[in-house]
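Thanks for coming. I have one chain to go through today, and I will keep to what can be read from the model.

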Amino acid sequence: MMSLALAMQAIVAFNLVCTGTLRSGPIGVALPEEGGEPFAITYRIDLSSGLWCSDPCSATESVAEIVDGAILLRDQHRPSGSHVIMFTPRTGRFADTLNEDNFAVLRRRPCAGR
């Protein structure tokens with residue numbers, strides 16, 4: 001039986017189109033869905049090279065990890081905050097969470113691979 005990580009690598013390359021609501025505000029304060037701004041972003045993911053980019057793909061980054069059925073595109077942690085971008089192909093769930101100092105930006109929605 002092929003592991004999920006190997007199965008995802010067999011997909012090789014795909015575009016991930018995500019649309020939804022971007023919410024931002026101070027950390028520790030509820031960010032209501034209806035108060036957000038619309039967003040649309042396309043990620044281009046190439047698992048064979050281990051690289052990805054997003055609109056307009058002016059630079060590529062290494063895929064951080066494939067773990068527990070999820071593609072972890074970015075997993076950055078530093079003293080001032082963190083930035084994590086994750087996609088779960090099985091469910092289509094996408095999460096982009098940026099925490100910088102005491103401010104958060106959240107993007108979460110189902111996405112479609114193309």
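Predicted model: local features only at pLDDT ≥ 70, side-chain atom pairs only at ≥ 80, totals over all residues.

Before the residues, one definition: buried means under 20% relative accessible area, exposed means over 50%, and partly exposed is what lies in between. With that cut-off, His 83 counts as buried, because its relative accessibility is 12%.

Mean pLDDT over the protein chain is 83, and 83% of the residues score at least 70.

Now the overall layout. The protein chain has one helix and nine strands. Of the 114 residues, 36% are buried. The accessible surface is about 6600 Å², with 55% of that belonging to carbon and sulfur atoms. If you take the contacts between residues at least 6 apart in sequence, 40% of them join residues at least 24 apart.

Next, the part of the chain with strands E7 and E8. Strand E7 covers residues 81–88 and strand E8 covers residues 93–100; the two run antiparallel and are joined by eight bridges. They form a hairpin with four residues between them. In that turn, Gly 92 has a positive phi of about 80°. Elsewhere in the pair, Gly 81 stands opposite Glu 100 in E8.

Back to His 83, which sits in strand E7. What do its side-chain polar contacts reach? One goes to the side chain of Arg 74, at 2.9 Å. Another goes to the side chain of Asp 96, at 2.7 Å. Setting aside residues up to four places away in sequence, His 83 touches Arg 74, Asp 75, Gln 76, Arg 78, Asp 96, Thr 97 and Leu 98. So this is a buried histidine, at 12% relative accessibility, with polar partners at Arg 74 and Asp 96.

Arg 78 is in strand E6, residues 70–78. Is Arg 78 buried, exposed or partly exposed? It counts as partly exposed, because its relative accessibility is 35%. Leaving out residues up to four places away in sequence, Arg 78 touches His 83, Leu 98 and Glu 100.

Take the Glu 100 contact. The side chains of Arg 78 and Glu 100 make a polar contact at 2.9 Å. The two residues are 22 apart in sequence, and their C-alpha atoms are 9.3 Å apart. Glu 100 itself is in strand E8 and counts as partly exposed, because its relative accessibility is 29%. Apart from neighbours within four places in sequence, Glu 100 is in contact with Arg 78 and Ser 80.

The structure holds one disulfide, and it joins Cys 53 to Cys 57, with an S to S distance of 1.9 Å. The link is right-handed, with 75° about the S-S bond.

Cys 57 lies in the loop between E3 and E4. Its phi is near 60°, which is positive in a residue other than glycine. Pro 56 is in that loop too, between strand E3, residues 51–54, and E4. The peptide bond joining Asp 55 and Pro 56 is cis, with omega about -15°.

Last, Asp 68, in the loop between strand E5, residues 65–67, and E6. Asp 68 also has a positive phi, about 50°, although it is not a glycine. Where does it stand on exposure? Asp 68 is exposed, because its relative accessible area is 75%.

To close, two things to look at on the screen. One is the 2.9 Å side-chain contact of Arg 78 with Glu 100. The other is the disulfide of Cys 53 and Cys 57, with the cis peptide bond of Asp 55 and Pro 56.

Methods
Residues numbered from 1 in each chain as written. Heavy atoms only, no water. Buried < 20%, exposed > 50% of the residue type's maximum accessible area, 1.4 Å probe, protein only. Contact = heavy atoms within 4.5 Å. Areas by Shrake-Rupley, 256 points an atom, 1.4 Å probe, with all protein chains shown as cover. Pairing = 2+ DSSP bridges. pLDDT = per-residue confidence, 0-100. Polar contact = N/O pair within 3.5 Å; in protein donor to acceptor, adjacent residues only side chain to side chain. Disulfide = S-S within 2.5 Å.
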